[in-house]
Amino acid sequence: MKALQIRDFGTVKNEEMGRLFIMENEAGTKAAVTDFGAALVNLLVKDKDGILTDVVLGYDEAADYEAGTQSLGATVGRNANRIGGAAFEINGTRYELDKNDNEKNNLHSGMDFYNHRMWEAEEQEDGKITFLLESPDGDQGYPGNVAVRVTYELTEDNELRITYDGTPDQDTILNLTNHSYFNLNGHDSGDVLGHTVVLDADFYTRADAESIPTGELVDVTGTPMDFRAGKTIGEEIGGDYEALRLGNGYDHNWVLKNDRKFAKVAQAAGEKSGIVMEVWTDLPGMQMYTANFLDKEAGKDGAVYGCRSAVCFETQYFPDAVHHVNFESPICKADTCYHTVTSYRFRTA
């Protein structure tokens, strides 16, 4: 593993200077992460011709991440995805959240986003860095103090591992994810409709017109939501199917078959680059989102990102799980360790 590089990443509104931490393995794979938002900024892997290709969408400096609305590369918490009605109860107490989605629901924990805050680079070594965020009782409306840690690790096997840890002092929701937008042909290469995706899931969680789950698990068999055998994103994305109409494309949670064990749950392949990415996790669900609402987003290196220009694989507890008894609960009990790992593994075909 090569030596960790650190450079300035520009200032944000309060004049704090963000930093960029660049990890590189002996194969030349590079991952760059910033302490502003604990976000993944660059991920460069070699394509089938040996050319280094940046496969994640992003911005040029910290101020752009502060201003951005699309959570590019973001660490999302305390709760990823949506909570219907922007409120929930724990132990008989009702907690109110920001209504930042359709004027009545909560998305990615409200407007005081984790990815719009400066994290502490608590530990760093070649190929590995841990960011720390002290989240106090009442933060974003959630109960309990919790020190949230996110660790990025680049291995010599071209794997980027993301580990999340935290131990709250009250019962609270903990459901963190990474919101990277992947384009395996290169972040500035256009749409991902030709990417072939495999999802190891027999069911997805049906959602209403506001993307709030109904509680129903729908069998993917015979539907455009079936990626078990592998198909391109574009093959059925325009189909006349409820989920696709309501989501303007793929934007749903799939029910993973990993039995809460760390396992491969998905794979994507760039049709031009030959880059193959495997997704591994120990979490029960994964939201696949095809950048349906990106629109002329100014990105890094002069790129402009549009609709369908990337695909997200957000590992998570199911959306709105706190309101559905048939979904695994996202509540982390007081003094209980929240620990989960998601990794992205790269190779060429």
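An open sheet is built from five strands in the order β1-β2-β3-β4-β5, with antiparallel pairing. Strands here are DSSP runs of E with at least two residues, helices are runs of H or I with at least four, and both are numbered from the N terminus; two strands pair if DSSP finds at least two bridges between them. Because β1 (5-11) and β5 (52-54) stand at the edges with a single partner strand each, one side of each is left without a neighbour in the sheet. From one strand to the next the twist averages 20°, with axes taken as lines fitted to C-alpha atoms (for helices over the stretch in contact) and angles running from 0 to 180 degrees between N-to-C directions. Within the sheet, the antiparallel strands β2 (residues 17-24) and β3 (residues 30-34) are joined by five bridges, and I22 stands opposite A32 in β3.

The model is predicted, with local features needing pLDDT of at least 70 and side-chain atom pairs counting only at pLDDT 80 or more, while totals for chains, interfaces and linings use all residues. Residues are numbered from 1 along each chain as its sequence is written, and side-chain values use heavy atoms, with hydrogens and water left out.

Rolling a probe the size of a water molecule over the atoms shows where empty space is left. On a 1 Å grid over the protein atoms alone, a cavity is a set of points where a 1.4 Å probe fits but cannot get out, a pocket is an open set with protein on both sides within 12 Å along at least five of seven lines, and lining residues have an atom within 4 Å of a point. Grid points are joined across faces, edges and corners, and a volume is the space filled by probe spheres set on the points.

The largest pocket has a volume of about 600 Å³. Its lining has 27 residues, and T69, R82, D101, L107 and H108 are the closest to its centre. There are also four cavities of 30 Å³ or more. The largest cavity holds about 70 Å³ of space, and its lining includes N81, R82, H252 and Q287. The second largest cavity holds about 50 Å³; Y59, Y65 and H116 are among the residues that line it.

A few backbone details are worth a look. Most residues other than glycine have a negative phi, and most peptide bonds are trans. The peptide bond from G77 to R78 is cis, with omega near 0°, and R78 lies in the loop between β6 (74-76) and β7 (82-83). R260, in the loop between β21 and β22 (263-269), has a positive phi near 60° and is partly exposed at 31% relative accessible area. A291 also has a positive phi, about 50°; this residue sits in the loop between β24 and β25 (297-298) and is buried, with 0% relative accessibility.

How values were computed
Buried < 20%, exposed > 50% of the residue type's maximum accessible area, 1.4 Å probe, protein only.
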